[in-house]
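Please examine the sequence and the structure shown below. The report that follows considers how two chains meet, and then turns to a single residue.

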Amino acid sequence: FFFRFAAVYVSQKISKSRWRPVSHSSLQQADIFATGSWDNEDNKISFWSIGSHGSSGVEDGFEGDPQLLCEHKHDGDVLDLQFLDQDRIVTASSTGAVTIFRHHQNSQTISVSQQWARAHRYPSDNAPCTGVVCSSPEIVTVGEDGRIIVFRADQEGVIRVIDNADSSTIHAVTYLRTTEILTVNSIGQLKLWDLRQQSNSPSQILSLSGDRVPLHCVDRHPNQQHIVATGGQDGMLCVWDVRQGSTPFSLMEAHSAEMWEVHFHPTNPDHLFTCSEDGSLLHWETSSQSDIPSFLQGGRNSSMTSRSAMAPAGGNQSLINAWLSGDSSKGRLETTHMLPSQTLSVNSLDVLGQCLVCGTDGEAIFVNRQVPV
Amino acid sequence: MEEVDVEPAVTNIPAASSGTHLGFAWGPGDILVYETLYKASGTGSGDIHEVRKDEDIYSPILRKLFNESHHIFVGLQTIREDLPSKNKKPQFVSISKNYRSVIRACMEELQQVSILLAIELIWNLCEVLFIDAAPAGSLLLHLLDWVRLHKADVDEKAREVLQSESPAEHRDYWDVPGGTQTLTEFDVKWRHWHEEVDRCLQDNSFASNKHLELICKILVGDEDTLLEHKDLLSTWYHFLVTRLLFCHPTVKPTELHYYAQSCLTMFLDSRSVPEPLDSILLAAFEFDIHQVIKDCSIALNNWWFVAHLTDLLDHCKLLQSHNLHFGSNLREFLLLEYASGLFTHHSLWQLAVDYFDHCPEFGRVYLELQIERVPLDTERKALKVLRICEQRQMSEQVRSICKIMAMRALRNNRLGSALSWSIRAKDAAFATLISERFLQDYCARGTFSDLDLIDNLGPAMLLSDRLTFLGKYREFHKLYGEKRFREASKLLLSLMTAKIAPRSFWMTLLTDALPLLEQKEVSHHIVRYAVYGQVLSL
């Protein structure tokens, strides 16, 4: 399967790559993606197209090498990048700035739509902004300064700041619910924040019972909002049930170095993807032993126990998620290396439909248009 | 190695006022220049200028070359040594072609004819002669391909001359040697044909048709005729291959250099001195690999070409192990030079690591020295550098990097981050420092800061005594706050007796003990130690 990657060398180390969202109503395929670079004297954000029009009947994935549409200078490393809507992206910069860029599709140009320079900062220095997540028009960012900041696109100033939300670096942020966010930090904690509360404390703190291994990425299951996956410095994939206790439900060995990103497939969440400093990109597929989809199997299937099995509170057993009992030795979890050979660190990945894009420190972008999901 | 004497290039520093006395200091890939007060006329600027050669490594297109070739290089190093050499040769040829296709891809992107053209020409010839090691017969075919590929101007006329209309009886000539017949068979046939054509020319069979006569003269490789049409053969090596094609198609590799030298001489009558490229190609035809590498090293301003080609030739076991003066062999020397150059680049330094890894003598030392110079602007970058060091058990560098990051975090009051870096380096001393900061904060303000950290230390608590004390002391406060006085006093007692409390904190502990004395569940021991402690502190 890994022959179906199209690779392009782009003369910049790619820190982030994200598909432009497609509306679910139309049967549109993933077409355009954005990338950000890092470690350059002049960093850039770029928009690319894989030209999926007229690709019917194309069997091999080689057609549609990514084509550069347009690019724009970016001050500082692009430490995170998210699409705000069809035309705008938000970036988190190592200078501490949060910037909205607008992609003008007609003229294939990019302009800066709005910027909050030095949003994240120390008293006498810049503090890198490490993560951004958005739910238009709301934008939430986190940084090395341990701050959580809430913005609104098209509104100057900030909506809310939680100073000293964390005494260590917050590496990533994601939405749990529309009013709740999750952050992960460099002392191995997963924190829930209820943005409706005025308090500056998290509503919940979860962490591994062992060593405080720094966590770098977090993603929530698209359908079951209590299931969350994290990855960190030791390359382990942890899946948590945030309703249950304070330790992860399952731990799986994944990579031999930092895991930089973890993503549930947005429409086929039995599939999960991780990428790492060790140069590998893994495709995880959980499968049930029966024909019934895993999420419909109830507690009747008694073989679905995990290492730290706990009966879910509340008695609603019909939604035991296969991920929570994930244990590769039991053979119900399949992992595949997606990239053909070892590369330098795979810093970022994104998956939409059957298309996967990833960027590496080897200054290459890989696109796969026939991911088996 | 002879020194090449050239006039040094003069670079003007526009911002520096004329007539000022400049001082300078070497950097890893640049020079820092400043105006001194010596011979000052008026005020000099307080600026420092960074002067950097416009190196190829800063070209975006060549960056693709460096990245793609890095990938090929790493793949080459992992070819198993124990395979028999006949299995390996096709692999090496394939790798050589991969390198060349990367060069060609860059050539297509660069608009103007560049040094890459010369590089590809040389590499291709080296592949034919050294790596593929084509024997007599197929050698000429390879050389024909080589020349055709590199004909910069697609000259229709020249092609016509080469593929001239052969008279019907000469159709046999175009049989591929080594196809269905042996070299000797071909040679015999060819000589027979050659004699026939020669005879035709001698007895003026084609005198009526000047054009046909000319073609025949070319076909027999008549030197004068060929030289008359020099303008169609743009280069001497094109002339060489043409001449070989018509005079000695079964040329052996060992005979090449005779023809090469004479062709070069014949072709260059207007110029007295051959260009560097000519010397390099000549050295290749002479199978003097070391001379090729040496000349390329001098002629090209970037180590990329010689480093990768030499490495490949070394894998083909074609380099005699020459011990150079400074201990390492030629391959390693060139790779070290190349990788050191990469390390000066703000972004390409990551590629250099793999090159150092495959230099067994000095690679590690070079890496140790260079990796400490990588600027650590963000935690993300520091983590990557750390990972490189940890994977190679470079423990000193690990400690040093973690200390730098921890100090920076401490300065910015990010105690959790500072602790995280100490844990990574297993730096007990620094963990102690951080704990002291917490305890000082507590003494100053009466409350703990960063409770999310202290309450969740986990096993990290054991990294240093002071850290353990901090964690336990906080636990004491929690217990007291939850009115679990019995457990609180037990904990306080153990803190006092375990001797992990810093001296400066004893008074604080005793003060904490006082309210406990009023609680009914408190044991007698507390009272005794409280008194004992009071006595000591007097």
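How many salt bridges are there between chain B and chain A? In this predicted model, the count is six salt bridges. In one of them, the side chain of Arg63(B) meets that of Glu363(A), with 2.6 Å from N to O. Several helices of chain B each supply at least two residues of the side that touches chain A, namely H1 (60-77), H15 (349-357), H17 (379-391), H19 (415-425) and H21 (451-454). The largest share of that side, eight residues, comes from H1(B). By class, the side of chain B that touches chain A has 15 charged, 13 polar and 10 nonpolar residues.

The table lists further values for the contact of the two chains.

| Item | Value |
|---|---|
| Residues from chain A | 50 residues |
| Residues from chain B | 38 residues |
| Area buried between chain B and chain A | about 3,700 Å² |
| Share of that area from carbon and sulfur atoms | 45% |
| Residue pairs in polar contact across the interface | 32 residue pairs |

**A buried aspartate in chain A**

Asp350(A) is found in strand E28, which covers residues 346-352 of chain A. Asp350(A) is buried, yet has no salt bridge. Why is no salt bridge counted for Asp350(A)? The nearest side chain of opposite charge, Arg18(A), is 4.9 Å away, whereas a salt bridge requires the atoms to be within 4 Å. A polar atom of the Asp350(A) side chain does, however, lie 2.7 Å from the backbone nitrogen of Trp19(A). Asp350(A) also touches other residues, including Ser17(A), His263(A), Cys355(A), Leu356(A) and Val357(A).

How values were computed
Residues numbered from 1 in each chain as written. Chains lettered and ligands numbered in written order. Predicted model: local features only at pLDDT ≥ 70, side-chain atom pairs only at ≥ 80, totals over all residues. Heavy atoms only, no water. Helix = DSSP H or I, 4+ residues; strand = E, 2+ residues; numbered from the N terminus. Buried < 20%, exposed > 50% of the residue type's maximum accessible area, 1.4 Å probe, protein only. Lys, Arg positive; Asp, Glu negative; His and termini not counted. Polar contact = N/O pair within 3.5 Å; in protein donor to acceptor, adjacent residues only side chain to side chain. Contact = heavy atoms within 4.5 Å. Buried area = accessible area lost by both parts, 1.4 Å probe. Nonpolar A, V, L, I, M, F, W, Y, C, P; charged D, E, K, R; others polar. Lists of a residue's contacts leave out its neighbours within four places in sequence.
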